[in-house]
Amino acid sequence: MDRMTQTEPSIFTRIIQREIPADVVFEDDEVIAFNDIAPQAPVHVVVVPKTAQYRDVVELAAADPQLLAHVVQVAKQIADERADGEFRLVFNNGEAAGQTIFHVHAHVLGGGLAEGTLGSK
Ligand code: 5GP
């Protein structure tokens, strides 16, 4: 289905509603965080605002900077618990940038990442 005409709940909404299982590592009223199903680093957790209102980080930043700041704070907490406290925070923004799920989320990547490896090319 074209994402512009998407009416179904996103995979992430279905995870939030416990319709799809996930390895949840953190949850509060505003966000949920779980291990990515296809990890790209020793630690790869996705932090997802529970609201499905924002398709990407640009929309989230414009509408609710406090919620974006909370996502960053949760990412830091996860990195403190699961990596060495240092982490890469990735928001794919748009299809050409690799975004596949249009329900805003942050990738928390950690665990011995090399310099100069931001992307695959
Ligand atoms: P995007 O490509 O939109 O930035 O990120 C979507 C991420 O969600 C991908 O890294 C993908 O591996 C992950 N993902 C997709 N479906 C599922 C799922 O059902 N469970 C989990 N845990 N992760 C998923």
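Q: How far does a polar side-chain atom of His105 lie from an oxygen atom of the ligand?
A: This is a predicted model in which local features need pLDDT of at least 70 and side-chain atom pairs count only at pLDDT 80 or more, while totals for chains, interfaces and linings use all residues. Residues are numbered from 1 along each chain as its sequence is written, and side-chain values use heavy atoms, with hydrogens and water left out. A polar contact is a pair of N or O atoms within 3.5 Å; within protein, one must be able to donate a hydrogen and the other to accept it, and residues adjacent in sequence count only if both atoms are side-chain atoms. From the polar side-chain atom of His105 to an oxygen atom of the ligand, the distance is 2.9 Å.

Q: Which side chain does a polar contact of 2.8 Å join to that of His107?
A: His107 is found in strand 5, where helices (H or I, at least four residues) and strands (E, at least two) are DSSP runs numbered from the N terminus. At 11% relative accessibility His107 counts as buried, a term for under 20% relative accessible area, with exposed meaning over 50% and partly exposed the range in between (1.4 Å probe, protein chains only). Leaving aside neighbours within four places in sequence, the contacts of His107 (heavy atoms within 4.5 Å) include Asp36, Val45 and Asn92. The side chain joined to that of His107 by the 2.8 Å polar contact is His44.

Q: How far apart in space are Phe34 and Val24, C-alpha to C-alpha?
A: Phe34 lies in strand 2 and is buried, with a relative accessible area of 4%. Beyond its neighbours within four places in sequence, Phe34 is in contact with residues including Phe12, Ile15, Val24, Val45 and Val48. Although Phe34 and Val24 are 10 residues apart in sequence, their C-alpha atoms are separated by 4.1 Å.

Q: Which parts does the aromatic pair of Phe12 and Phe34 tie together?
A: A search of the whole structure finds 1 aromatic pair, pairing being counted for rings of Phe, Tyr and Trp (its six-membered ring) with centres within 6.5 Å, and planes under 30 degrees apart count as stacked, over 60 as edge-to-face and the rest as tilted. The rings of Phe12 and Phe34 have centres 5.5 Å apart and planes at 65°, so the pair is edge-to-face. Because the two residues are 22 apart in sequence, the pair ties together helix 1 and strand 2.

Q: What span does helix 3 reach from its first C-alpha to its last?
A: The buried residues of helix 3, among them Leu67, His70, Val74 and Ile78, pack against elements including strand 1, helix 2 and strand 5. The expected span of a helix is 1.5 Å times one less than its number of residues. Helix 3 has 18 residues (65–82), and close to the 26 Å expected, its span is 26 Å.

Q: What is the relative accessible area of His70?
A: His70 is found in helix 3 and, leaving aside neighbours within four places in sequence, is in contact with Asp28, Glu30 and Val31. His70 counts as buried because its relative accessible area is 16%.
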